[in-house]
Amino acid sequence: MGLIDEIGERLDALVRDLESSLQGARSDDDVRARAARIVGKKGELTALEKRIREVPPEDRRELGRRINEAKARADRIVEARLAALRAEARRRELEGPALDVTLPGRPRRIGSLHPVRQCEEELLDALQALGFEVADGPEIETTAFNFWKLGFAPDHPATCMQDSFYLRDDVLLRTHTSPIQVREMLSHPPPVRIAAPGTVYRRDDDVTHSPMFHQIEGLLVDEDVTFADMKGILTLFVRRVFGPDTPVRLRPSYFPFTEPSGEIDIGCLICSGRKVGCRVCKGTGWLEVGGCGMVHPVVFENVGYDPERFSGFAFGMGVDRIAMLRFGIGDIRLLYENDVRFLRQF
Amino acid sequence: MRISANWLRSLTQIDVPVDELAERLTRAGVEVEAVERVGEGLDRIVVGAVKSCRPHPERDKLVIVEVDDGTATRTVVCGAPNVPRPPGRVALALEGARVPRRGLPGVVGDLVVARRRFAGIESDGMICSEAELGIGPDAEGILVLDDGAGKPPTQDPSLAPGQPLAQALHLVDHILVLGLTPNRGDCLGHTGVAREVSALFGRPWVPPEPSAPQRADVRRIDEVVSVAVEDAERCPRYAAAAVVSLTIAPSPFWLRYRLFTLGIRPISNVVDVTNLVLLEFGQPLHAFDLDRLAGPRIVVRRARPAETMQTLDGIGRQLTDDDLLICDAQGPVAIAGVMGGAGSEIGPSTKRVLIECAHFEPRGILRTARRLGLHTDSSHRFERGVDPNGVPLALAHAASLMTWLGEGAALPGLIDVYPRPIAPRTLRLRPGRLSKVLGSPVDSTQAASILERLGCTVASRGDDLDVTVPTSRSDISREIDLVEEVARVRGYEAIPTRYPSIRTGPPTPRAYPFRQRARHTLAALGLDEAVSYSFVSPRDLEAFRLPPVALPLSNPLSEERSVMRTSLLPGLCRAVARARRVREERVRLFEVGRVFLGWEKPGAATPAREKLWAALVMAGPRDAYLERAAEVDFFDAKGLAIELCRDLTGVAPSIRLCSEVDRLPWLHPRSACVIEAAQKVVGRVGELHPDVIESLDLGGPVAVVEADLDALRTVRGERRFAPLPRFPAVSRDVALLVDESVRAADITRVVGASSGELLESIELFDVYRGEQIPPGKKSLALSIRYRAADRTLTDAEVDSLHATVLGGLVDDLGGQPR
């Protein structure tokens, strides 16, 4: 047997040794340490490589081939062992104990929107979809805009019903959003179609009345606008807000700035018209959600519109009441106490 | 307004189920808010005839009454002092009857009548008071039935013993509770509602005719009393009648019951008659004791400045020259249309009565009633308009009833001072207008018929109608009012529903979308939305050391809510204090709302300066995970302030310490900052001043941001796309020891200056003080990213650049690399 074969056998033996040695390796480092003893710089296989000079030149090429092949095999064995260890580790990790997934998630909390403002938005979204633009006006208003231009008469019970907070004889906190109508019509020629949300104030304070509350008002003025159109728009509006099958009825009423005027009733949201024993609609099957009417000619006269040429309608709703109905809130005062335990629920 | 269905039925002769009646009225705008049933549930309570009455042998206060129940005689023990002599009629509850006892204060639940012994005598039934039966207020004695005129019954078959009481006394009735709009003064009496009902059910309306009173032929009324009206504008009509030789007594049961069920306390025959006429015609009356009127003479005049009088509720009233008075020869005896005076009140010994039936100008009555805080049945009606031409009917009716019930006689004649009679109005109604308003054609004959049923007279004038409106409907004064009458009587359901196309005008800039966005951004940043009252206590503003520019309310509900807020912080901090009280530690709140900064100049578009602000407050621990976190501080607020402004404007704002600390006195001076965007101050951020925290009991640090949304709305950051980088960035970390006085902004400035446009970003990722760091120093760890837009930076290039940067930090800031 020539030297080349002797070295060749030795190479095979080293590779076999490596293979069996790696079986016992339990970590990547261990694998590398054991491999280094054979294929490292000072390893036995590396040492054998140096003996290439001892073989005859014509065999050197063959030996070089055998050495490279042995090294490649050794590399494969190491890689395979490392892969096996990784697989083992992955298997152990996957089979490990579950996390305590009942621990809370890391907090990422979005804040809440106030229930009244949420309802305000919903109502405005519906009105905007019907072509109304959102307008606003001051909360501190003159009696002229708040009352007289709207056809309220001084010393009339309708004026006194809206018991007001005054700042001066002729300046008060607006008692309704209707002065926005006047401001809009004074500053824009027809056609007018606005939705006016706003904070309003009346001098009342009990379980069902807050001295501050919210209204939304709609106004549409153009040529040839009729009561029939008002019924149509209100029906569309109410159904967008309260659901597509909500019954709507208008019932005659009185406001100084509209005529004919009406209350807007919708089918009771709580008992859905079953009536009996319903405390919310008091057994009537109907809930009053707002008022409406054809703009009174006196209002048109006061803003310089020709009442023979233009007509229109206005309607308004109390947002607080709708929010209370929607969320089942019994006491209006909760709305403005800002108890964090209350606010976080919305 | 309470309306008796029985009374209504007798006035209209229309007999429909009460629910149908209520529904029809409601659909015509006379809202029936509730229907109450009265006089029900009195089963086994019958008319009893007293046969005898003798004292109880053992108990002083009890009597033993033998009562005929129609079939047998029962022995009943009774404690009342007013058992009538035989054959007096009483309300007898038989064994098993349920006595509701509703009229008795402090008693709850029915009493079931059973045989019971009282000191040895067995009582077989119970004789009841009206309060026990819930049919009257009187709990003093038992109910003694009368003949309808207040006398003991004689042979009245309706009071035969054994008859169910409810049937004998016509107790069962429905009360319609009307929620009237203020224009419908005409429905404040039963005849007005009766006319409305007749119109709704298409029947002709016949007003009641008074029966003529019994006359005494002594002297005519105008020989006995004179009337002078000095202010005919405030008192267009003053009429009076007199009834003499009468006896004051309790009213008969039917009258007491009618008043009781309609919510008025029965007093005596004379007073009850004035109230009955009020309820029937809606016409307030006043009865004076004629013998207590000086003169006797009536003068209707304005009060003199500082004049006073005592009203019959016993309260002394301070009057002004805007108040109208009824006076006698000596002084005021009533505040016209509001309340009578104590001096001329009807009493038990009154023999001669002067009945006032007048018409007062509504606005004057309202001003007086409001100024005095006196809202009475009378003022309520005069304010809403009473028919000036209904006066004679009501007065005659009252006089007639008083002569009957008081067994008196009316003086012949009538005083009626009515210098300028108020005539009915005639209005023109164009049928075309009717269909133009309602949106569908309305038959002109139908319109005319509706108006006639409402009491109008209608005459054709070509295509148009001339409509004469009765003076009871002072609310109908223009054509549109007639349109409404026709529309509501037809019913709104008769009007079709149409879906119009909406014509739009040119767009107008509106503030709403911006406000909306601000609220949604703040909520997205984890804050809960609060809404606080716009009025606060002046002490709240003081606590925040806010300048005293607040607008005060003239008539606040309380001191707590008496001035308009100039800042959103007081409201939000109240919520923080509230959260502390209920042991809620973590508070993150915002509010978007108006603040009120003083009066505008005369001629401005709005009376006051109103600005839209957003504010947020944070208190309690920072968000943490499975550990106790530190309390929020300035930097939490700063982070939110920047994100809010960036989101709203597209521009990152700059936050700088406020140089004039006095301008933000509610903030801690160490971190009181203003927020600037596009060279405008748009808000402020900081921690509340410790004094503020202490005075408001906030219990710990509170970090706040205030943003002027009106100002932010004008900051226009153009959102432009920046091309994505095509070449990689290189990061280098630096650890640097610097003096405490070196600020983060200094580092940014120096690094920026020495690296030029190759600097991409600087991230400060650690600030360390403590072990191994000398006092007065701090160790900063920075990560600096470099990038070139047009090439990949080489290692050599970055090394050299970074060395320059380090050199800059060492030279300019005295930093020592670590």
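**Figure 1. Helices α5 and α11 of chain A in a predicted model.** The axes of α5(A) and helix α11 (residues 319-327) of chain A come within 9 Å and cross at roughly 105°. Axes here are lines fitted to C-alpha atoms, for helices over the stretch in contact, and angles run from 0 to 180 degrees between N-to-C directions. Helices (H or I, at least four residues) and strands (E, at least two) are DSSP runs, numbered from the N terminus. The two helices α5(A) and α11(A) are therefore roughly perpendicular to each other; angles of 65 to 115 degrees count as roughly perpendicular, those under 35 as roughly parallel, those over 145 as roughly antiparallel, and the rest as oblique. From α5(A), the contact uses P115(A), V116(A), C119(A), E120(A) and L123(A), and from α11(A) it uses V319(A), D320(A), I322(A), A323(A), R326(A) and F327(A). Two residues are in contact if their C-beta atoms, placed from the backbone, lie within 7 Å. By class, this contact of α5(A) with α11(A) has eight nonpolar, no polar and three charged residues. Ala, Val, Leu, Ile, Met, Phe, Trp, Tyr, Cys and Pro count as nonpolar, Asp, Glu, Lys and Arg as charged, and the others, Gly among them, as polar. The model is predicted: local features need pLDDT of at least 70, side-chain atom pairs count only at pLDDT 80 or more, and totals for chains, interfaces and linings use all residues. Residues are numbered from 1 along each chain as its sequence is written, while chains are lettered from A and ligands numbered from 1 in the order in which they are written.

**Figure 2. Helices α5 and α9 of chain A.** Helix α5 (residues 115-129) of chain A packs with helix α9 (residues 227-242) of chain A at an angle of about 135°, their axes being 9 Å apart. That makes α5(A) oblique to α9(A). The crossing of α5(A) past α9(A) is right-handed; a crossing is right-handed if the near helix is turned clockwise from the far one by less than a right angle, and left-handed if anticlockwise. On α5(A), E122(A), L123(A), A126(A), L127(A) and A129(A) meet F237(A), R240(A) and V241(A) on α9(A). The residues of this contact of α5(A) with α9(A) are six nonpolar, no polar and two charged.

**Figure 3. Helices α15 and α18 of chain B.** Helix α15 (residues 512-524) of chain B and helix α18 (residues 634-649) of chain B have axes that come within 10 Å and cross at roughly 140°. The crossing of α15(B) past α18(B) is right-handed. R517(B), A518(B), T521(B) and L522(B) of α15(B) meet L644(B), D647(B) and L648(B) of α18(B). In the contact of α15(B) with α18(B), four residues are nonpolar, one is polar and two are charged.

Figure 4. Most residues other than glycine have a negative phi, and most peptide bonds are trans. In chain A, a cis peptide bond with omega of about 0° joins P190(A) and P191(A). P191(A) is in the loop between α8 (179-187) and β5 (192-201) of chain A. In chain B, P86(B) and P87(B) are joined by a cis peptide bond with omega of about 5°, and P87(B) lies in the loop between β5 (73-78) and β6 (89-93) of chain B. N338(A) is not a glycine, yet has a positive phi of about 55°. The loop that holds N338(A) runs between α12 (334-337) and α13 (340-343) of chain A.

**Figure 5. The contact between chains A and B.** Chain B gives 75 residues to the contact and chain A gives 70 residues. The largest share of the side of chain B that touches chain A is six residues, from helix α14 (residues 479-490) of chain B. By class, that side of chain B has 36 nonpolar, 16 polar and 23 charged residues.

**Figure 6. Domains of chain A.** Chain A has 13 helices and 10 strands. The domain assignment of chain A gives domain 1 (3-95) and domain 2 (115-343); such bounds come from an automatic or database domain assignment. The C-alpha centres of domain 1 and domain 2 of chain A lie 89 Å apart. The C-alpha atoms of chain A fill a box of roughly 130 × 45 × 45 Å, taken along the principal axes.
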